[in-house]
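Visitor: I would like to learn how to read a few features of a fold. Could you take me through them one by one?

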Amino acid sequence: MSRQMFVNLAVKDLKRSVAFFTKLGFEFDARFTDENATCMIISDDCFVMLLVEDFFRGFTTKPIVDASSSTEVIVALSADSQGDVDQLVEAALASGGNRSKEPMSEGGMYSRSFSDPDGHLWEVVYMDPAAMTG
């Protein structure tokens with residue numbers, strides 16, 4: 001069975017978040033976009049719903065984590081090359097994101113991390129197919 005994945009993230013300022021992720025090359029599905037939310041397209045089967053905090057509260061009975069001071073999740077994205085990892089992370093840093101940790105290169109995997117304007121952690125990973133065969 002094929003499944004789609006929707007990650008839901010609370011954001012303080014939807015317009016700021018859309019502007020940030022647009023600069024990283026992501027697009028949004030207008031059918032699921034209004035003043036409370038938008039659907040960021042990662043791939044044909046993977047999406048990130050950016051939900052204004054007040055709207056997000058309607059989906060949970062738990063307190064919303066302040067991602068700028070606590071970690072609730074690390075969203076990991078694959079990349080086609082080490083250069084693609086660097087390009088996406090550098091775009092994030094130039095667009096208002098923050099460095100999350102030092103780059104990691106180990107066993108055919110290369111990754112870099114950043115936090116978005118709300119503090120959500122993103123990791124971009126390249127896995128060398130030649131190193132992954134075993």
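Visitor: Is strand E9 (residues 121–127) largely enclosed by the rest of the structure or exposed, and how many of its residues are buried?

Guide: Keep in mind that this is a predicted model. A residue counts as buried when its relative accessible area is under 20%. Six of the seven residues in E9 pass that test, so the strand is largely enclosed by the rest of the structure.

Visitor: Which strand pairs with E9 in the parallel sense?

Guide: Strand pairing is read from the bridges and their sense. Here strand E5 (residues 74–78) runs parallel to E9, with five bridges between the two.

Visitor: How many disulfides does the structure hold?

Guide: The test is the distance between cysteine sulfur atoms, which must be within 2.5 Å. The structure holds zero disulfides. Cysteine 39 is in none, and its nearest cysteine sulfur, that of cysteine 46, is 9.7 Å away. Cysteine 46 is likewise in no disulfide.

Visitor: Is cysteine 39 buried or exposed?

Guide: Cysteine 39 counts as buried, at 2% relative accessibility.

Visitor: How many aromatic pairs does a search of the whole structure find?

Guide: Ring pairs are read from two values, the distance between centres and the angle between planes. The search finds seven pairs. One of them joins phenylalanine 6 and phenylalanine 47, which are stacked at 4.8 Å centre to centre with 20° between the planes. This pair links distant parts of the chain, 41 residues apart: phenylalanine 6 belongs to strand E1 (residues 5–11) and phenylalanine 47 to strand E4 (residues 46–52). Phenylalanine 6 is partly exposed at 43% relative accessibility, whereas phenylalanine 47 is buried at 11%.

Visitor: Why is the pair of phenylalanine 20 and phenylalanine 21 called edge-to-face?

Guide: Planes over 60 degrees apart count as edge-to-face. The planes of phenylalanine 20 and phenylalanine 21 are at 85°, with ring centres 4.9 Å apart, so the pair is edge-to-face. Phenylalanine 20 is buried, with a relative accessible area of 1%. Phenylalanine 21 also counts as buried, at 1% relative accessibility.

Visitor: Which residues do ring pairs link into a cluster?

Guide: The cluster consists of Phe20, Phe21, Phe26, Phe114 and Trp122.

Methods
Residues are numbered from 1 along each chain as its sequence is written. This is a predicted model: local features need pLDDT of at least 70, side-chain atom pairs count only at pLDDT 80 or more; totals for chains, interfaces and linings use all residues. Side-chain values use heavy atoms; hydrogens and water are left out. Buried means under 20% relative accessible area, exposed over 50%, partly exposed in between (1.4 Å probe, protein chains only). Helices (H or I, at least four residues) and strands (E, at least two) are DSSP runs, numbered from the N terminus. Two strands pair if DSSP finds at least two bridges between them. Rings of Phe, Tyr and Trp (its six-membered ring) pair if their centres lie within 6.5 Å; planes under 30 degrees apart count as stacked, over 60 as edge-to-face and the rest as tilted.
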